[in-house]
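Grab your viewer and work through these exercises one at a time. Try each task yourself before reading the solution under it.

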Amino acid sequence: MRIAIVGQGYVGLPLAIAAAKAGYEVVGIDANPDLVSKILEGKSTIGDLSDMDIATAISSGHYNPSQSFELIAHAEIVIICVPTPLDTDYKPDLSSLTSALISVSRYLAPKALVINESTVAPGTTRTIIA
């Protein structure tokens with residue numbers, strides 16, 4: 001099974017590594033080129049994972065960090081894990097989520113399952129994501 005995880009931060013990266021360890025083919029997509037470069041070098045960008053965890057997942061061939069949303073076309077499951085910080089009015093800033101959704105929609109396979117792991121208010125899935 002092929003899984004694409006959009007967002008390689010403190011939620012997406014551990015999820016990607018866990019899925020890769022379980023034997024799934026995982027592409028970890030992030031729009032930040034510096035973040036992707038560090039991960040490709042086998043460097044962990046979060047405290048929950050060691051450099052060895054990252055390097056092992058990459059060398060196994062089960063984890064491929066990338067900036068290319070085109071790789072979503074091969075995924076059966078797409079999991080979105082992008083930040084939704086609060087703005088000055090204490091409302092979630094959905095700009096990263098909206099941007100990720102637009103990028104994903106360009107390459108999404110017809111029967112792919114899309115899962116949103118980003119924190120959103122009730123109704124957001126129905127009104128914005130769908």
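**Exercise 1.** Is Lys-38 buried, partly exposed or exposed?

*Solution.* Start with the cut-offs: buried means under 20% relative accessible area, exposed means over 50%, and partly exposed is in between (1.4 Å probe, protein chains only). Lys-38 has a relative accessible area of 46%, so it counts as partly exposed. Then list its contacts (heavy atoms within 4.5 Å): leaving out residues up to four places away in sequence, Lys-38 touches Lys-43 and Thr-45.

Two notes before you go on. This is a predicted model, in which local features need pLDDT of at least 70 and side-chain atom pairs count only at pLDDT 80 or more, while totals for chains, interfaces and linings use all residues. Residues are numbered from 1 along each chain as its sequence is written, and side-chain values use heavy atoms, with hydrogens and water left out.

**Exercise 2.** Work out how helix 1 and helix 3 pack.

*Solution.* Find the two helices first: helix 1 covers residues 12–21 and helix 3 covers residues 51–59. Their axes are 10 Å apart, at an angle of about 50 degrees; axes are lines fitted to C-alpha atoms, for helices over the stretch in contact, and angles run from 0 to 180 degrees between N-to-C directions. That angle makes helix 1 oblique to helix 3, given that under 35 degrees is roughly parallel, over 145 roughly antiparallel, 65 to 115 roughly perpendicular and the rest oblique. Now look at who meets whom: Leu-13, Ile-17, Ala-20 and Lys-21 in helix 1 meet Asp-53, Ile-54 and Ala-57 in helix 3. Sorted by type, the contact has five nonpolar residues, no polar ones and two charged ones. Here Ala, Val, Leu, Ile, Met, Phe, Trp, Tyr, Cys and Pro count as nonpolar, Asp, Glu, Lys and Arg as charged, and the others, Gly among them, as polar.

**Exercise 3.** What sets the phi of Tyr-90 apart, and where does Tyr-90 lie?

*Solution.* Recall the background: most residues other than glycine have a negative phi. Tyr-90 isn't a glycine, yet its phi is positive, at about 65 degrees. Its place is the loop between strand 4 and helix 4 (95–105). With 68% relative accessibility, Tyr-90 counts as exposed.

**Exercise 4.** Is Ser-118 buried or exposed?

*Solution.* Locate it in the loop between strand 5 (113–116) and helix 5 (124–129). Ser-118 has a relative accessible area of 7%, so it's buried. Beyond residues up to four places away in sequence, Ser-118 touches Ile-80, Cys-81, Val-82, Thr-84 and Leu-97.

Methods
Helix = DSSP H or I, 4+ residues; strand = E, 2+ residues; numbered from the N terminus.
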